[in-house]
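Hi everyone, thanks for making time for this. Let me put the sequence and the model up, and then I'll walk you through a few places in turn.

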Amino acid sequence: MVERLHNVRPEDLTENSVLLGSPAHITDVLHNVQAAGFDEVILYFNVGLKPHTLVKDEMARFMEQVAPAFA
């Protein structure tokens, strides 16, 4: 699994596998996912070897800027 992740190229990553961008963009993508009939997604914030504080900051930003659109 780790080797496979090391071999991932940017062109292999699409909106179907990775959400990157502004909170507005991520909200739009998740609304499209919701409109397609999905009512649950799995989010991983700790991808790679990021410091724990950065992961916590990203999670907090998601909860403040994206999650309210789905309350």
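Let's begin with a question: where is the place of Val-47? Val-47 sits in the loop between helix H2 (23–35) and helix H3 (52–65). Before going on, a word about what you are looking at: this is a predicted model, where local features need pLDDT of at least 70, side-chain atom pairs count only at pLDDT 80 or more, and totals for chains, interfaces and linings use all residues. Residues are numbered from 1 along each chain as its sequence is written, and side-chain values use heavy atoms, with hydrogens and water left out.

Now the overall picture. The chain has three helices and zero strands, and from the N terminus on the elements run α-α-α. Helices here are DSSP runs of H or I with at least four residues, strands are runs of E with at least two, and both are numbered from the N terminus. Along the principal axes, the C-alpha atoms fill a box of roughly 35 × 30 × 20 Å. Of the 71 residues, 13% count as buried; buried means under 20% relative accessible area, exposed means over 50%, and partly exposed is in between, with a 1.4 Å probe and protein chains only. The chain exposes about 6,100 Å², and carbon and sulfur atoms supply 58% of that area. Those areas come from the Shrake-Rupley method with a 1.4 Å probe, and for residues only the protein chains shown count as cover. As for contacts, meaning heavy atoms within 4.5 Å, residues 24 or more positions apart account for 48% of those with a separation of 6 or more.

Val-47 counts as exposed because its relative accessibility is 57%. Together with Ile-42 and Tyr-44, Val-47 makes a nonpolar surface patch of about 400 Å². The patch rule takes residues with over 30% relative accessible area and no salt bridge, joining like charges within 9 Å and nonpolar side chains (Val, Leu, Ile, Met, Phe, Trp, Tyr) within 5 Å.

Next, the aromatic rings. How many aromatic pairs does the count come to? It comes to one. The rule pairs rings of Phe, Tyr and Trp (its six-membered ring) if their centres lie within 6.5 Å; planes under 30 degrees apart count as stacked, over 60 as edge-to-face and the rest as tilted. The rings of Phe-45 and Phe-62 have centres 5.7 Å apart and planes at 70°, so this pair is edge-to-face. Phe-45 lies in the loop between H2 and H3 while Phe-62 is in helix H3, so the pair ties together parts that are 17 residues apart in sequence. Phe-62 counts as buried because its relative accessibility is 16%.

On to charges. Side chains of opposite charge can pair when their charged atoms come close. A search of the whole structure finds one salt bridge, defined as a side-chain nitrogen of Lys or Arg within 4 Å of a carboxyl oxygen of Asp or Glu. Lys-50 forms it with Glu-58, with the closest N and O atoms 2.6 Å apart. Which of the two is buried, and which partly exposed? Lys-50 is partly exposed at 25%, whereas Glu-58, at 19% relative accessibility, counts as buried. Glu-58 belongs to helix H3, and leaving out residues up to four places away in sequence, Glu-58 touches Phe-45 and Lys-50. So Phe-45 turns up again here, because Glu-58 touches it.Let's move to helix H2, where Thr-27 is placed. Thr-27 counts as buried because its relative accessibility is 11%. The side chain of Thr-27 reaches the backbone oxygen of Pro-23 at 2.8 Å. That is a polar contact, a pair of N or O atoms within 3.5 Å; within protein, one must be able to donate a hydrogen and the other to accept it, and residues adjacent in sequence count only if both atoms are side-chain atoms. Leaving aside neighbours within four places in sequence, Thr-27 is in contact with Gln-65, Val-66, Ala-69 and Phe-70.

One last stop, also in helix H2: Gln-34. Gln-34 is partly exposed, with a relative accessible area of 44%.
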